[in-house]
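Here is a short tour of one protein model. Take a look at the sequence and structure, and then let us walk through a few of its features together.

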Amino acid sequence: MKDYLSIVQRHPLINMSTDVLPTPPESDSVQTKPGPREDQAEHLKPSFDKGEAPEHMSKRQMKKLMRQKQWEEQRELRKQKRKERRQRRKLERQSHLESISDGHDRKRFRSEVVPSPLRLIVDCSFDNLMVSKDIKKLHKQIQRCYAENRRASHPVQYYLTSHGGQLKKIMDENDKGWVNWKDIHIKPEHYSELMKKEDLVYLTSDSPNILKELDESKAYVIGGLVDHNHHKGITYKQASEHGIHHAQLPLGDFVKMNSRKVLAVNHVFEIVLEYLETRDWQEAFFSILPQRKGAVPADKVCKSSSQECASTKDEEESDSSAEESPENVQDPPQGEALGT
């Protein structure tokens with residue numbers, strides 16, 4: 001070794017210190033230090049197994065690990081809950097069938113539906129009398145009629161006539177699915193071109209005729225008009241011009257309302273559907289009329305305000321010799337302004 005060093009120091013081309021000489025290899029007993037990734041992997045595994053998140057992980061990663069752990073732990077619990085839900089749905093279906101048999105549920109299974117031959121027509125020939133805002137309201141009412149008829153126990157033959165103009169444009173823009181509607185007849189023709197004149201009955205509040213019963217062989221027409229009473233009497237005028245029968249629903253015989261006696265198209269439609277099921281006008285009116293109308297039975301109003309009824313009776317029957325009890329005095333029939 002001394003000879004080797006002396007030769008190196010004397011050699012002219014070699015001028016180096018002994019510090020740069022190659023170091024002898026280390027013993028096999030010294031282990032290589034693991035890299036950072038290996039250290040992280042080794043550190044993560046025992047931490048996850050123990051349910052503890054490593055300190056160097058972010059909060060988001062720790063939450064993700066905890067959610068995964070909880071998901072695995074709750075596997076059996078989820079399975080049990082699914083089983084309970086299936087059992088609960090089975091019981092609900094059985095209860096639904098029982099409620100239908102008792103008549104307490106308006107929804108019916110399609111297998112129990114008995115369609116009515118009665119034709120109910122929404123006359124859409126007033127397109128030029130409405131602004132865009134009112135036509136959109138009419139569109140919503142037509143949609144409601146369709147939905148109620150689809151789930152009714154005695155659905156009618158639903159017709160839209162004189163369909164076109166602004167209404168069709170709005171339906172194309174906002175409800176493109178209308179072209180796929182089922183159990184409805186959407187026609188561009190006027191109703192007088194589609195039905196026999198003797199079968200038609202126009203439902204209008206201005207008619208002097210009171211409708212007592214629904215004839216299911218007839219075709220009843222509802223004016224598709226939302227005009228806020230700007231065109232009062234127009235449906236009655238149209239019915240008279242076409243020479244067809246007309247009548248008003250017996251609203252005034254059964255109902256007293258605080259607000260205006262104005263019904264939307266869908267209200268009239270739903271009252272007809274309800275009457276076909278119950279054959280009771282009063283029940284049909286009170287199950288459909290919205291609460292904001294403040295509707296109360298007409299006979300109860302007269303009984304609760306007997307003095308008012310008596311004074312009204314005296315004014316109306318001043319020339320009559322027959323005396324009548326105040327409880328028997330009925331309000332004059334009040335018709336509905338359809339679709340206004």
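A residue is called buried under 20% relative accessible area and exposed over 50%, with partly exposed in between. Please keep in mind that this is a predicted model.

## A residue in helix α10

With that scale in hand, let us start with E277, which is found in helix α10. Its relative accessibility is 30%, so E277 counts as partly exposed. Along the chain, E277 and P155 are 122 residues apart, yet their C-alpha atoms are separated by 9.6 Å.

In soluble globular proteins, nonpolar side chains tend to be buried together.

Y158 deserves a visit of its own. Beyond its neighbours within four places in sequence, Y158 is in contact with residues including L120, V122, I142, C145, Y146 and F269. N149, D183 and H185 are also among its contacts.

## Where α5 meets α6

Helices α5 (residues 132-150) and α6 (residues 165-174) have axes that come within 10 Å and cross at roughly 65 degrees. That makes α5 roughly perpendicular to α6, and their crossing is right-handed.

On the α5 side, S132, I135, K136, L138, H139 and I142 take part, meeting Q166, L167, I170, M171 and N174 of α6. Sorted by class, this contact has 6 nonpolar, 4 polar and 1 charged residues.

How values were computed. Residues are numbered from 1 along each chain as its sequence is written. This is a predicted model: local features need pLDDT of at least 70, side-chain atom pairs count only at pLDDT 80 or more; totals for chains, interfaces and linings use all residues. Side-chain values use heavy atoms; hydrogens and water are left out. Axes are lines fitted to C-alpha atoms, for helices over the stretch in contact, and angles run from 0 to 180 degrees between N-to-C directions. Helices (H or I, at least four residues) and strands (E, at least two) are DSSP runs, numbered from the N terminus. Angles under 35 degrees count as roughly parallel, over 145 as roughly antiparallel, 65 to 115 as roughly perpendicular and the rest as oblique. A crossing is left-handed if the near helix is turned anticlockwise from the far one by less than a right angle, and right-handed if clockwise. Contact means heavy atoms within 4.5 Å. Ala, Val, Leu, Ile, Met, Phe, Trp, Tyr, Cys and Pro count as nonpolar, Asp, Glu, Lys and Arg as charged, and the others, Gly among them, as polar. Buried means under 20% relative accessible area, exposed over 50%, partly exposed in between (1.4 Å probe, protein chains only).
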